[in-house]
Amino acid sequence: MGNLSTLIHFDYTLMIVAVGAALLGTVSGALGCYAVLRRQSLLGDAISHAALPGIAIAFLLTGSKVPLILVLGAAIAGWLGTLLIMSIVRLTRIKYDSALAIVLSTFFGFGLVLHTLIQRTGNANQAGLDTFLFGQAATLLERDVLTIGILGGIALIVMLIFWKELKLLVFDADFAASIGLPIRTLDILLTSLLVIAIVLGLQAVGAVLMSAMLVAPAVAARQWTNRLRLMVLLAACFGALAGVSGTIISSTASRIPTGPTIVLCATVVVGLSIAFAPNRGLVWDRIRQQRNRRDLKAAMEIQE
Amino acid sequence: MQRSEQKAIQVTDLTVAYQDKPVLWDIDLDVPPGVLLSIVGPNGAGKTTLIKAILGLVRPAAGNVLIYDKPYEAQRRIVGYVPQRGSVDWDFPTNVLDVVMMGRYGALGWIRRPQKKERELAMQALEKVGMEAYTTRQISQLSGGQQQRVFLARALVQDATVYLMDEPFQGVDATTERAIVTLLQELRADGKTVVVVHHDLQTVTDYFDWVMLLNIRRIASGPVDEIFTSDNLRETYGGRVAFMKTDKGGV
């Protein structure tokens with residue numbers, strides 16, 4: 001009997017965690033497509049690292065671990081980091097990649113210092129804040145999953161509403177500006193959506209590896225299709241798949257951080273896609289090359 | 001020049017600078033309606049910047065631009081734009097028809113998606129550029145000339161009165177070049193004004209009826225047979241250093 005009740009309890013926890021991871025993977029997979037297509041894959045990394053001090057400050061100010069408050073703190077810090085990168089590029093002669101590296105490491109270092117300070121205070125409530133580094137999906141509660149669902153859902157709906165505007169912004173920003181689209185505002189909107197996707201994943205996946213949840217599903221999806229619509233849909237599915245499988249593996253084995261596990265699962269999807277996808281896949285490519293060579297040889301023999 | 005007539009494009013005292021380096025200096029340009037004008041000049045002369053400044057894509061340090069007597073913001077709907085082919089990532093996951101329909105986004109306005117009407121307009125434009133057989137083709141699988149035709153088709157569905165085109169002949173095959181020239185001449189015959197950034201001096205007299213010679217400053221502009229002289233060309237291509245030295249006037 002005792003066994004049975006732990007089993008049921010275990011299943012319920014696992015279900016919550018799996019739902020959370022699936023939602024997370026869906027949101028970050030879909031929005032990650034835009035980051036990848038704009039060649040801003042590293043921006044996700046900067047945002048997630050920059051978000052870390054925001055969590056600590058939100059906790060220090062409120063003493064609360066309510067997900068919405070921590071997410072808000074993370075979002076503000078991630079946002080400030082992104083703005084800082086953009087301003088550095090615009091106002092100085094420092095290049096984008098250098099600005100990114102400076103902001104990423106400064107914010108992250110500041111975040112680590114704050115987290116260490118919080119741990120020293122011995123506040124009993126602080127337990128669990130360190131999961132934001134590498135992620136621990138097993139700590140996801142119902143309220144966390146609800147937060148992910150609502151905010152992630154809003155982000156996806158906004159993406160769908162401005163679908164054609166965002167598509168044109170990513171494909172041809174000059175043309176978009178010439179027909180009167182406010183590209184600065186759209187740029188900020190798109191970045192904000194990315195910030196939302198990232199901060200939602202911090203608890204489960206962690207700041208260090210969250211950007212992989214944006215990039216990997218999108219890269220894999222691009223291999224299979226030449227339509228943006230399908231790419232976003234596929235990336236959402238791949239993200240959910242990697243999220244769920246990664247969290248389940250890390251939840252069942254004890255004390256394996258979820259971030260790395262999810263990233264490994266996503267890597268498998270990327271690897272398979274790069275190898276086996278039709279048209280763009282390496283295997284397909286090789287077969288086509290050999291066939292071409294054979295055809296060419298045959299044609300030459302006929303000529304002789 | 002025809003002072004009393006309405007101008008399709010009127011550029012006055014336009015100066016654009018990146019950091020402290022002037023890219024365009026005190027440009028005046030009047031383009032009457034219904035001409036086919038080429039902007040000609042050496043690399044770094046500011047040809048692309050001039051087009052972008054007319055479209056409000058770069059902010060000028062001084063001067064202003066009018067399209068049919070009104071600022072560009074009020075005239076977007078009657079201006080069509082063909083950016084340089086190399087300015088976009090052709091590996092973007094989309095197909096030919098989809099790119100052409102982007103030319104209708106301005107008229108569609110926010111949120112509304114392209115419908116059957118937009119699809120038909122895009123198909124007509126693709127027929128005009130001879131690309132109707134490629135509607136579902138992924139854009140990375142097109143040749144340079146085909147990509148250029150797709151960009152032209154996108155501008156055609158804008159159904160504009162004034163067209164600004166940045167190097168439409170860049171890296172295209174001879175067939176495409178002829179097709180584009182025919183198209184440009186048809187546009188002019190319809191009373192449209194077409195401004196083209198061009199780099200091939202050999203073809204200026206054949207393709208265009210107006211020319212602007214540009215090298216940071218406007219050297220000359222007007223009908224090709226008056227302006228396209230060897231003296232003006234020498235001034236455009238030979239004397240850049242001399243210009244920068246003599247140029248000390250305020251903005």
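How many residues does the contact take from chain A and from chain B? In this predicted model, in which local features need pLDDT of at least 70, side-chain atom pairs count only at pLDDT 80 or more, and totals for chains, interfaces and linings use all residues, side-chain values use heavy atoms, with hydrogens and water left out. Residues are numbered from 1 along each chain as its sequence is written, while chains are lettered from A and ligands numbered from 1 in the order in which they are written.

The contact (heavy atoms within 4.5 Å) takes 29 residues from chain A and 34 residues from chain B. The area buried between the two chains, that is, the accessible area (1.4 Å probe) lost on putting them together, summed over both, is about 2800 Å², of which carbon and sulfur atoms give 60%. On the side of chain A, Lys164(A), Phe171(A) and Phe175(A) lose the most area to chain B, together accounting for 28% of what that side buries.

Between chain A and chain B the count is 6 salt bridges, each defined as a side-chain nitrogen of Lys or Arg within 4 Å of a carboxyl oxygen of Asp or Glu; the side chains of Lys167(A) and Asp98(B) meet in a salt bridge at 2.7 Å, N to O. Among the elements that give two or more residues to the side of chain A that touches chain B are α7 (163–171) and α11 (228–252) of chain A, where helices are DSSP runs (H or I, at least four residues), numbered from the N terminus. To this side α7(A) gives the most, with 7 residues.
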